[in-house]
Amino acid sequence: MNSSIKELLQREAQAVLNIPVTDGYEKAVQLIVQQVHEKGGKLVTSGMGKAGQIAMNIATTFCSTGIPAVFLHPSEAQHGDLGILQKNDLLLLISNSGKTREIVELTELAARLDPTLKKIVITGNPDSPLAKSADICLATGHPDEVCLLGMTPTTSTTVMTVIGDILVVETMRKTGFTIEEYSKRHHGGYLGERSRALSK
């Protein structure tokens, strides 16, 4: 059992190391800083299924680090929630296939609402319709899932999470986000106590 666990860990780690590193990251961070930090918009993340859970996590992490962000469920967007989108907002869309119907439809509806809205896409398929519609595409490298069936989103969601973490950390670096600012946003639990102590 230990040997199989070690193999799975190695495969997950290798998938992270195989994420394509391009200037798309620098461009994505600059776009986030420009639209949200400088122009007062917000980051609106979206995804369906497991990718949606990753998108939700990315939004909450950005919120705690000085970038206002919300998660927009792609299905609920078709029933009125699309109205959350405002001037200077920025979409961050996640789809492993790049063909997820609800996400593709969301891009079309968003463009109809505001043709100036810009989109960052995280996908395993840089040749997909979603990727081609993006202002910036960040490819995951389309790793094979460690799932025994090769179906359940496992490794793909790992690399999506890592890409989100990179965007958060590099945005923090660009905006000069401090421990004092962090402590103002994170009051509860150990992290709240720790950040307040460090900011004194």
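Helices (H or I, at least four residues) and strands (E, at least two) are DSSP runs here, numbered from the N terminus. The model is predicted: local features need pLDDT of at least 70, side-chain atom pairs count only at pLDDT 80 or more, and totals for chains, interfaces and linings use all residues. Residues are numbered from 1 along each chain as its sequence is written, and side-chain values use heavy atoms, with hydrogens and water left out.

Start with the annotated span. An unreviewed UniProt entry places "domain: SIS" on residues 32-177. UniProt positions follow the numbering used here, feature names are shortened, and annotations may be inferred rather than shown by experiment. The span is 44% helix and 16% strand, and its end C-alpha atoms lie 14 Å apart.

Now the sheet. Strands of a sheet pair through backbone hydrogen bonds, either parallel or antiparallel. In this model, 5 strands form an open sheet with parallel pairing, in the order β2-β1-β3-β4-β5. Its edge strands, β2 (69-71) and β5 (136-139), each pair on one side only. From one strand to the next, the twist averages 20°. Two strands count as paired if DSSP finds at least two bridges between them. β1 (residues 43-47) pairs with β2 over 3 bridges, in the parallel sense. Val44 has Val70 in β2 as its bridge partner.

Contact means heavy atoms within 4.5 Å. Axes are lines fitted to C-alpha atoms, for helices over the stretch in contact, and angles run from 0 to 180 degrees between N-to-C directions. Helix α2 (residues 24-38) lies across β1, β3 (90-95), β4 (118-123) and β5, at about 130° to β5. Helix α3 (residues 50-64) lies across β1, β2 and β3, and runs at about 160° to β1.

Next, the largest pocket. A pocket is an open set of points on a 1 Å grid over the protein atoms alone, with protein on both sides within 12 Å along at least five of seven lines; lining residues have an atom within 4 Å of a point. The largest pocket has 15 lining residues, and Met48, Ala51, Asn96, Pro153 and Met160 lie nearest its centre. The elements α3, β3 and α7 (155-175) each give two or more residues to this lining. The largest share, 3 residues, comes from α7.

Two loop residues close the tour. Asn88, in the loop between α4 (74-77) and β3, has a positive phi near 75° without being a glycine. His142, in the loop between β5 and α7, is also not a glycine, and its phi is positive at about 45°.

How values were computed:
On a 1 Å grid over the protein atoms alone, a cavity is a set of points where a 1.4 Å probe fits but cannot get out, and a pocket is an open set with protein on both sides within 12 Å along at least five of seven lines; lining residues have an atom within 4 Å of a point.
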